[in-house]
Amino acid sequence: MSVGRLSTGAGLSAGALVVPVSPASVSVGSGSATVSGNGQISFSGASSVSINNCFSSTYDNYRIIINPTAAVGTDATLSFRYRASGSDISTTTYTGQRIVYFGTTIVASTNVTGNTLHSLSLISTSRANQYYANIEVHGPFLPRKKNFRVDINTVGEAGTFYSETHGGWNDTTTSVDGFSIFTSGTSITGIIRVYGYANGA
Amino acid sequence: MELVEITPIESVVPVYLEVLTDEEQAERDEQQAAMLAEQEEREAEAAAKEELKQAALARLGLSEEEIKAIFN
C-alpha cells in the first residue's frame, strides 16, 4: 500500500494526496483579507468571510481548517454556508446533528432540519485563538446533496474546554463553488485554509 | 449588495468588501440574533443538566471524583 504525503503548497509534487486550494476571490463583510501564494486566506476584523470558487471538478472532497486568532464583540457563534456564483445559499436546506461535550457533560441535539446554515459552535472573545475547526466537505461540486462534518475545539470565557462534533448535509443538488463563514458577534480575525483530496488516490 | 474591491498589494487574488443595503443589513442582524438565541438555548440546556448532576451527587454525599472511582 502506498502512503501519500501532505503537500506543503509551494512544494507541490505529483502524487500529493492533499493539495492546498486557492480561491478565485474572497469577499469580507467588514475588515480585510489577503490570499497568499499557497492559498492561505488571512482575514482581519471580518464579520463574514466568503471564499469564492475554491470547489471545482478537480477534487470531489475537501478539508477546510479555520484558526481564528481574535474575536471582537459578545461571545458569538460561528456559522457556515455554501456559496454558488458569488451568493450564499441561505435557504432552509441545511440539516445537522451535533454532540457537544465539556467536562463530564455531553449534550446531543436533536436532528435539526430546515436550518439556513451549519453551526460552527461558540467562539469566545478572550479565547478566540483556542478555537479550531476542522471541516470535511464531501462532493460540493458534484450534482448531489452536500455532506458536511466538522470537529471543533473551543474554550469558554471561564476556561471550560468544549469539544463538538457536528454532522449534516445540504439538500442542494447542483454544484456549489465556495462557502462563507460568519459570526453573530462583531468580527473575527484569523486564517482559513482549504485543501482538496486528490481523486482516485 | 455592492462589492467594493479592497485587494491588498500582497494578495494573489481579488478581495472585495460587501456593502449591504439597509434592508440587507437588517435581515443579517435578524439572522444573527436568531443564531445567538439558539446558542444561548443550548448553553442553558447544558447548564441545567450540569446542575441536575451536581444536585444528584450532593444528595449522595459524594464528590464527582468519588463517583468516578466507584463506577470506573
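## Report on the predicted model

In chain B, residues 24 or more positions apart account for 0% of the contacts with a separation of 6 or more, a contact being heavy atoms within 4.5 Å. This is a predicted model, in which local features need pLDDT of at least 70 and side-chain atom pairs count only at pLDDT 80 or more, while totals for chains, interfaces and linings use all residues. Residues are numbered from 1 along each chain as its sequence is written, chains are lettered from A and ligands numbered from 1 in the order in which they are written, and side-chain values use heavy atoms, with hydrogens and water left out.

**Chain B.** The chain has two helices and two strands, in the order β-β-α-α along the sequence. Helices (H or I, at least four residues) and strands (E, at least two) are DSSP runs, numbered from the N terminus. Of its 72 residues, 17% count as buried; buried means under 20% relative accessible area, exposed over 50% and partly exposed in between, with a 1.4 Å probe and protein chains only. Chain B exposes about 5,300 Å², of which carbon and sulfur atoms supply 56% (Shrake-Rupley method, 1.4 Å probe; for residues, only the protein chains shown count as cover).

**Cavities.** A cavity is a set of points on a 1 Å grid over the protein atoms alone where a 1.4 Å probe fits but cannot get out; lining residues have an atom within 4 Å of a point. The lining of the largest cavity includes A:Arg98, A:His166 and B:Glu38. Strand β9(A) gives the largest share of this lining, four residues; β9 (94-102), β11 (112-115) and β12 (118-123) of chain A each supply at least two. The lining residues divide into two nonpolar, eight polar and two charged. Here Ala, Val, Leu, Ile, Met, Phe, Trp, Tyr, Cys and Pro count as nonpolar, Asp, Glu, Lys and Arg as charged, and the others, Gly among them, as polar.

**Aromatic pairs.** Rings of Phe, Tyr and Trp (its six-membered ring) pair if their centres lie within 6.5 Å; planes under 30 degrees apart count as stacked, over 60 as edge-to-face and the rest as tilted. By this rule there are eight aromatic pairs over all chains. Two of them are tabulated.

| Pair | Centre distance | Plane angle | Class |
|---|---|---|---|
| A:Phe55 and A:Tyr62 | 4.7 Å | 55° | tilted |
| A:Tyr59 and A:Tyr62 | 6.1 Å | 85° | edge-to-face |

A:Phe55 and A:Tyr62 are both buried, A:Tyr62 with a relative accessible area of 0%. A:Tyr59 is buried at 16%. These residues belong to one aromatic cluster, which also includes A:Phe80, A:Tyr82, A:Tyr94, A:Phe148 and A:Phe179.

**Backbone and local contacts.** Most residues other than glycine have a negative phi. A:Asn53 has a positive phi, near 55°; this residue is in the loop between β5 (48-52) and β6 (61-72) of chain A and is partly exposed at 44% relative accessibility. A:Ser121 also has a positive phi, about 70°, but lies in strand β12 of chain A and is buried, with a relative accessible area of 4%.

A:Ser44, in strand β4 (residues 41-46) of chain A, is partly exposed at 37%. Its contacts, leaving aside residues up to four places away in sequence, are A:Ser30, A:Gly31, A:Ser32, A:Ile188 and A:Thr189. A:Ser44 and A:Pro68 are 24 residues apart in sequence and 9.4 Å apart in space, C-alpha to C-alpha.

Note on methods:
1 Å grid on protein atoms, 1.4 Å probe; cavity = no way out; pocket = protein on both sides within 12 Å on 5 of 7 lines; lining within 4 Å.
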